[in-house]
Amino acid sequence: ADGAQLPYWRPDSRAIGVTFGDWRLADWALNLDGGVIEVDPSGTPTSPLEPLVVGYHEDFSPVWSPDGRWIAYHSHRSPTPVAGYWSEGSSDDVYVRRPEAPTSEEIRLTDFGLEVGSPDWAPDGRRLLIDSHDEDGGSTAWVIEMDPETGTPTGRAPVPAPGADDARPAWGAWSPVREEVALVLRTASGAELWTLAPDGSGARRLTSYPGPWHGGVDWSPDGEFLVYGALADDRVQLFEISRSGGDPRRLSDDPGNLLHPQVSPDGRWIAATRIRHVQQVLRTRL
């Protein structure tokens, strides 16, 4: 899917949600939408990219709840058209709605923070892990609670950040099998990957790497391994590391950059954003 990024699997492993749209200079990010691509068991697309989350301003990938009854997504939703990224009336929040419902029935889960990250669901389907920039320039990971029957937000709590004082959460993923989250922390030298309970207890640093901190992270379906994007040979590649620690194992050797890995619920595939930087000299007849 040309121009697509930030993949998330549907629980049946038969569809992938993505963010799609060009990054234009005049109205940067305003035309980004969330879409879905159906795939078969071999990973082959069986449908065109279909819009699913659309509106005024940017919309990110739909993220399905474990039971498939809800989708959650980051959006800068505005009730009316806007001219620029920071135009008045724009939001910066996480929303939920039923996958089959129109956007008009979405429910706003957050009303705080800046550049709120993509959500990740807890196995119970009633909590979501997000990260958000703070007013002071830092960032915080949050657990957002909601009523799984109505989608109504019922509370929130910060996740105490492990590591040094200047380490800031940049990406998070909830274990599919236990009360544990993985956090990618942005540090002065690059990034660190940690696991911990949502209340901050049991924190363990699994690895550190030179970056980038926005390479993403996800769990294997059994909750025993993590897959993340890290710099290798001047390109971002995919790595795997055990939940118990040890040496990372490199999974890819791609000429492009592979970021935002997401392991399919059936454990057969890893979806990822692939970015290639191409320099060309073109000619045309005058």
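Which strand gives the most to the lining of the largest pocket? The legends below begin with that pocket.

**View 1. The largest pocket and its lining.** Strand 22 gives the most to the lining, with six residues. The model shown is predicted: local features need pLDDT of at least 70, side-chain atom pairs count only at pLDDT 80 or more, and totals for chains, interfaces and linings use all residues. Residues are numbered from 1 along each chain as its sequence is written, and side-chain values use heavy atoms, with hydrogens and water left out. The volume of the largest pocket is about 840 Å³. A pocket is an open set of points on a 1 Å grid over the protein atoms alone, where a 1.4 Å probe fits, with protein on both sides within 12 Å along at least five of seven lines; lining residues have an atom within 4 Å of a point. Points are joined across faces, edges and corners, and the volume is the space filled by probe spheres set on them. Of the 27 lining residues, Ala1, Ala4, Ala272, Thr273 and Arg274 are the closest to the centre of the pocket. Strand 1, strand 2 and strand 22 (270–275) each supply at least two residues of the lining. Strands (E, at least two residues) are DSSP runs, numbered from the N terminus.

View 2. Four strands lie in the order 1-2-3-4, with antiparallel pairing. Two strands pair if DSSP finds at least two bridges between them. At the edges are strand 1 (4–9) and strand 4 (50–53), each of which pairs on one side only. Strand 1 is joined to strand 2 (residues 15–20) by four bridges, and Gln5 is placed opposite Thr19 in strand 2.

View 3. Strand 6 (residues 71–75) and strand 7 (residues 93–97) are linked by five bridges. Ile71 faces Arg97 in strand 7.

**View 4. Strand 15 and its two partners.** All seven of the seven residues in strand 15 (residues 190–196) are buried, meaning under 20% relative accessible area, while exposed is over 50% and partly exposed in between (1.4 Å probe, protein chains only). Strand 14 (residues 181–187) runs antiparallel to strand 15 and is joined to it by seven bridges. The hairpin between strand 14 and strand 15 passes through two residues. Strand 16 (residues 204–209) pairs with strand 15 over five bridges, also in the antiparallel sense. Glu192 stands opposite Leu185 and opposite Ser208 in strand 16.

**View 5. The largest nonpolar core.** A nonpolar core is a set of buried Ala, Val, Leu, Ile, Met, Phe, Trp, Tyr and Cys residues joined through side-chain atoms within 4.5 Å. Among the 36 residues of the largest core, Trp121, Leu193, Val217, Leu226 and Tyr228 touch the most other members. Strand 18 (residues 225–232) gives the most to this core, with four residues.

**View 6. Gly113 in its loop.** Gly113 is in the loop between strand 8 (107–108) and strand 9 (120–121). Gly113 counts as partly exposed because its relative accessibility is 34%. Not counting residues up to four places away in sequence, Gly113 touches Asp92, Ser132 and His133, where contact means heavy atoms within 4.5 Å.
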